[in-house]
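This report goes through one protein chain, from its overall layout to single residues. The sequence and the structure come first.

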Amino acid sequence: MDSLDLRSHRFRAEREADWSKLESFLDLFERGRGAQLSDDDVVAMPVLYRATLSSLTTARAVSLDQDLIAYLESLCTRAYFCVYGPRTTLWERVVAFFARDWAVATRTIWVETVVAAIIGLLGVVVAFVLVSAGSEWFFDFIPAALAGGRDPDATTAALQHSLAGTHDAQGLTVFTSFLFTHNSEIAMLAFALGFACCLPTAFLLFTNGLTLGALYAVFVRHGLGVEFGGWVLIHGVTELFAVTLAGAAGFHVGWALAFPGNNTRLEAVKSAGRVAANVMAGVVVMLLVAGLLEGFGRQLITSTALRYAVAMATGAGWLFFFYYRTGERFEHTPNI
C-alpha cells in the first residue's frame, strides 16, 4: 500500500463513523421519514454536516484520492440542502405566497405606497392643469410617436374612434405581449431606482403621472373625459396600482439604505429587500392581469359603463385582497 492509500485509509477510519451517521440521517429525510429521528439526532445534524465539510476541506488540501473527495462532496451537498434548505415544497411556497406573504408584505409598506400614489397623482394634476391652459405643453410630456394621434391637433371624431375596441384576436395577442413587457419595464425601473436614495423612483412615478394627465386633458377638452376614464381605468386600476407598489418597494429599500436606524446598513437593506422581493413578485402577477385587461378586456368591452364596472371590481378586489387584514406585518423566517 503506497503512502497516498495509507493516508486515505487512516483519514477514512478516523472519520467514517460520523459520515455514516450523517448519511443515515439524510437517507431518512430524503425518504420522507425524518419524523423517526429523535431531537438529539436533529440537533446533531448541523454538527455532523460541519465536521464533514471540514473533512472535505482537509481531503482537498492534502490531495487524498478522488473517490473519497467525490463522496464527501456529494454528502456535503445533500446535507447542506437538508440543514439549510427550505422546509416546504415549491407548491406549498406558492400557496403561502398567494394566501399570505404577498398581501402581508404589501401592507408592511403601506406608508411608502401612499407616498408613491401621491407623487403619481401630483404628476397627473400638474400635466392636466398645464395642458388645459396651453396645448403646447402636451408634447413636452408625450412624444408625438407615443401619442399615436391622440394629441391636441386630433379631431373629436378621431379621438372617439381611438377609444373603440377591436375584435382582431391575433392583434390582441401581440398587443398584450407588448404591453406586458412595457409595463414590466416601468415597474422594474421604479423598483430598481429606489436604491439611489429614492429620488429617481420619485421622478419616474411623477413623469408617469404627467403622461396620463396630459392625455386626460386632451380628451376632456373634446368632451370625452368620461369615455377616456373608462378606456384607461379598465386596466389602469391594476396597472397603476402595480407601478405604485413597485415604486413603494423601491422607496422601502432606498429608505433602509439611507436610514438604517439601529441596524447595520447591510442588515437593514437585507430586511427591506425580503419585503420588497415579495411585493415585486406580486407586481409581476398584477402586470400580467393588467396586460390581459388592456389587450383583451379593453378591446373587447366597448361599453363605457362596463369598463367602469370592471375597473371598480378590480379596484375593490385588490384593496380587499391586500388590506382586509390589517394587524400582520411581514416576517421572514430563515431556513436554518
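## Overall layout

Read along the sequence, the chain has the pattern α-α-α-α-α-α-α-α-α-α-α-α-α. It holds 13 helices and zero strands; helices (H or I, at least four residues) and strands (E, at least two) are DSSP runs, numbered from the N terminus. Of the 336 residues of the chain, 39% count as buried. Buried means under 20% relative accessible area, exposed means over 50%, and partly exposed lies in between (1.4 Å probe, protein chains only).

## Basis of the values

This is a predicted model, in which local features need pLDDT of at least 70 and side-chain atom pairs count only at pLDDT 80 or more, while totals for chains, interfaces and linings use all residues. Residues are numbered from 1 along each chain as its sequence is written, and side-chain values use heavy atoms, with hydrogens and water left out.

## Salt bridges

The structure holds six salt bridges. A salt bridge is a side-chain nitrogen of Lys or Arg within 4 Å of a carboxyl oxygen of Asp or Glu. One of them joins the side chains of E23 and R78, at 3.8 Å from N to O. This pair links distant parts of the chain, since E23 is in helix α1 (residues 3–30) and R78 is in helix α3 (residues 66–84), 55 residues apart. R78 also meets D27 in a salt bridge, at 2.8 Å from N to O. D27 lies in helix α1 and R78 in helix α3, so this pair ties together parts that are 51 residues apart in sequence.

Another salt bridge is formed by the side chains of E73 and R60, at 2.7 Å from N to O. E73 lies in helix α3 and R60 in helix α2 (residues 39–61), so the pair ties together parts that are 13 residues apart in sequence. Salt bridges that share partners join E23, D27 and R78 into one network. As for accessibility, E23 counts as partly exposed at 25%, D27 counts as partly exposed at 28%, and R78 is partly exposed with a relative accessible area of 22%. In the other pair, E73 is partly exposed at 31% and R60 is partly exposed at 46%.

## Packing of two helices

Two packed helices are described by the angle between their axes and the distance between the axes. Helix α5 (residues 110–133) and helix α11 (residues 225–258) pack at an angle of about 120°, with their axes 8 Å apart. Axes are lines fitted to C-alpha atoms, for helices over the stretch in contact, and angles run from 0 to 180 degrees between N-to-C directions.

Helices α5 and α11 are therefore oblique to each other. Angles under 35 degrees count as roughly parallel, over 145 as roughly antiparallel, 65 to 115 as roughly perpendicular, and the rest as oblique. The crossing of α5 and α11 is right-handed; a crossing is left-handed if the near helix is turned anticlockwise from the far one by less than a right angle, and right-handed if clockwise.

## A nonpolar surface patch

L90, W91, V94, V95 and F98 make a nonpolar surface patch of about 540 Å². Patches are made of residues with over 30% relative accessible area and no salt bridge: like charges are joined within 9 Å, and nonpolar side chains (Val, Leu, Ile, Met, Phe, Trp, Tyr) within 5 Å. Accessible areas come from the Shrake-Rupley method with a 1.4 Å probe, and for residues only the protein chains shown count as cover. L90 is found in helix α4 (residues 90–108) and is exposed, with a relative accessible area of 68%.

## Single residues

Which residues lie in the loop between α9 and α10? Among them are C197, in the loop between α9 (169–192) and α10, and C198, in that loop too. C197 has a positive phi of about 60° although it is not a glycine, and phi of C198, also a residue other than glycine, is positive and near 75°. C197 counts as partly exposed at 46% relative accessibility, whereas C198 counts as buried at 12%.

T211 is placed in helix α10 (residues 199–221) and counts as partly exposed at 23% relative accessibility. The C-alpha atoms of T211 and F128 are separated by 9.3 Å, and the two residues are 83 residues apart along the chain.
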